[in-house]
Amino acid sequence: MKPVIIAARRSPIGEAGGLLRNVEADRLAAPVLRAVLDDAGIERVDDVLLGNVLGPGGNPARVAALRAGLGEATPGMTIDRQCASGLSAITTAASMVSGDEFFLAGGVESPSTAPWRAWRPRNATEPPRFYQRAPFAPADIGDPDMGPAADLVAAEAGIGRERQDAFAARSHARAVAAQDAGRFDAELVPIGSATGDERPRRGFTPERLARFRPAFTPDGTATAANSCGISDGAAAVLVTSEEQRAKLGVPGLRLIGWRTSGVDPNRLGLGAVPAMRALCERRTPEVVEFNEAFAGQALACLDAAGLDDELAGPDGGAIALGHPWGASGAVLVVRLFSRMVRQDGPRIGMAALSSGGGLGVATMWERVG
């Protein structure tokens with residue numbers, strides 16, 4: 001069976017503590033799921049798969065499916081591959097297509113409402129030890145934080161501060177231009193008073209970005225301005241077979257290849273490179289959506305995969321829009337759907353990202369119909 005996406009939507013992306021600060025993960029995902037089904041004119045789905053990193057636990061996919069009114073017979077499964085969770089949810093759904101099924105797949109993240117996390121006290125006198133993130137790899141192998149790891153990857157790839165700032169400024173400029181032109185409108189699902197993405201900055205020139213100091217290591221090149229923001233958001237797509245798409249007579253995105261890869265956890269930002277290279281050996285994408293966790297890290301991956309960074313993020317990326325971890329991979333696919341299907345654009349596109357622990361997922365898509 002050839003899996004294909006026939007509908008794709010996302011919420012606005014809000015800064016943590018910002019416009020979506022009071023919207024829990026299931027409440028954030030539910031209206032997006034409903035909008036995808038309404039777009040396709042479909043009421044029955046066989047399963048709901050959502051990526052999520054921070055919790056609140058309790059299978060948010062199932063909770064969101066119930067809240068979206070999909071009925072008690074609709075299952076749900078939550079997937080955690082860190083930043084690649086949303087894209088992994090989509091490829092997992094694609095692998096489940098064997099006939100006339102319909103699957104909702106995507107991701108959701110709400111750092112604003114996620115529970116605090118703490119290690120259990122070892123005795124009655126010890127207080128709980130709060131922590132920011134779980135381990136991505138055993139400490140004896142190396143489990144660096146994202147920022148210092150991004151600085152290392154950029155330094156080893158020879159990507160300097162000037163190029164990173166120019167890339168980040170371009171991401172903001174493209175996102176602002178897309179907002180102004182209304183290119184996000186058809187994919188967005190309003191959440192309460194939030195009707196548009198919160199983060200893109202006007203007037204973020206390379207010269208302005210050059211004033212920011214290194215954020216993670218004293219001599220590093222990653223700054224608060226050329227890195228992504230911590231964000232709330234949700235995204236989902238409807239996956240079915242090419243045969244079902246043809247019966248419905250609608251255009252779509254057909255998945256023509258995907259790979260998952262692993263690398264040294266100390267260079268976790270390069271996790272997607274082997275997967276991207278493998279796919280690019282077979283097809284050359286005309287447009288690329290690569291998650292911009294850090295400008296230097298994104299550029300290192302694009303360079304290593306032999307891709308022109310001008311092709312990446314034509315309407316801006318995570319540096320401008322934000323990075324709702326468990327949803328980000330699905331946001332990339334929603335963006336491809338808009339560029340390739342809604343706008344009748346390029347025929348071949350790639351969506352890829354690296355994630356914690358030195359993992360990466362890459363997908364290649366073809367416009368059909």
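Helices, as numbered here from the N terminus, are DSSP runs of H or I that span at least four residues. On this basis, helix 11 gives the most to the lining of the largest cavity, with 4 residues. The model is predicted, and the values below were computed from it.

The structure holds 1 cavity of 30 Å³ or more. About 90 Å³ of space lies in the largest cavity. Its lining is made up of 15 residues. Nearest the centre of the largest cavity lie Gly317, Ala318, Gly322, Val331 and Leu332. At least two lining residues are supplied by each of strand 10 (287–290), helix 10 (318–321) and helix 11 (325–342). Sorted by class, the lining of the largest cavity has 7 nonpolar, 5 polar and 3 charged residues.

The largest pocket contains about 950 Å³ of space. A set of 36 residues lines the largest pocket. Those nearest the centre of the pocket are Arg117, Gln132, Arg133, Ile230 and Trp325. Helix 4 (146–157) and strand 11 (348–355) each contribute at least two residues to the lining of the largest pocket. Helix 4 accounts for the largest share of this lining, 5 residues. The class composition of the pocket lining is 22 nonpolar, 10 polar and 4 charged residues.

Helix 11, which contributes to the cavity lining, also packs against helix 3 (residues 85–96). The axes of helix 3 and helix 11 are 4 Å apart and meet at an angle of about 60°. Helix 3 and helix 11 are therefore oblique to each other. On the side of helix 3, the contact is made by Ser85, Gly86, Leu87 and Ile90. On the side of helix 11, Gly326, Gly329, Ala330 and Val333 take part. By class, this contact between helix 3 and helix 11 has 4 nonpolar, 4 polar and no charged residues.

An unreviewed UniProt entry gives "domain: Thiolase N-terminal" for residues 4–243. Over residues 4–243, the chain is 31% helix and 16% strand. The end C-alpha atoms of residues 4–243 are 9 Å apart. The annotation "domain: Thiolase C-terminal", also from an unreviewed UniProt entry, covers residues 254–366.

Two features of the backbone remain to be described. Most residues other than glycine have a negative phi, and most peptide bonds are trans. Gly55 and Pro56 are joined by a cis peptide bond, with omega of about 25°. Pro56 is placed in the loop between strand 3 (47–51) and helix 2 (60–67). Gln82, although not a glycine, has a positive phi of about 55°. The position of Gln82 is in the loop between strand 4 (77–79) and helix 3, and helix 3 is the helix that packs with helix 11.

Technical notes
Residues numbered from 1 in each chain as written. Predicted model: local features only at pLDDT ≥ 70, side-chain atom pairs only at ≥ 80, totals over all residues. Heavy atoms only, no water. 1 Å grid on protein atoms, 1.4 Å probe; cavity = no way out; pocket = protein on both sides within 12 Å on 5 of 7 lines; lining within 4 Å. Points joined across faces, edges and corners; volume = space filled by probe spheres on them. Nonpolar A, V, L, I, M, F, W, Y, C, P; charged D, E, K, R; others polar. Axes fitted to C-alpha atoms, helices over the stretch in contact; angles between N-to-C directions. Parallel < 35°, antiparallel > 145°, perpendicular 65-115°, else oblique. Contact = heavy atoms within 4.5 Å. UniProt positions renumbered as here; feature names shortened; annotations may be inferred.
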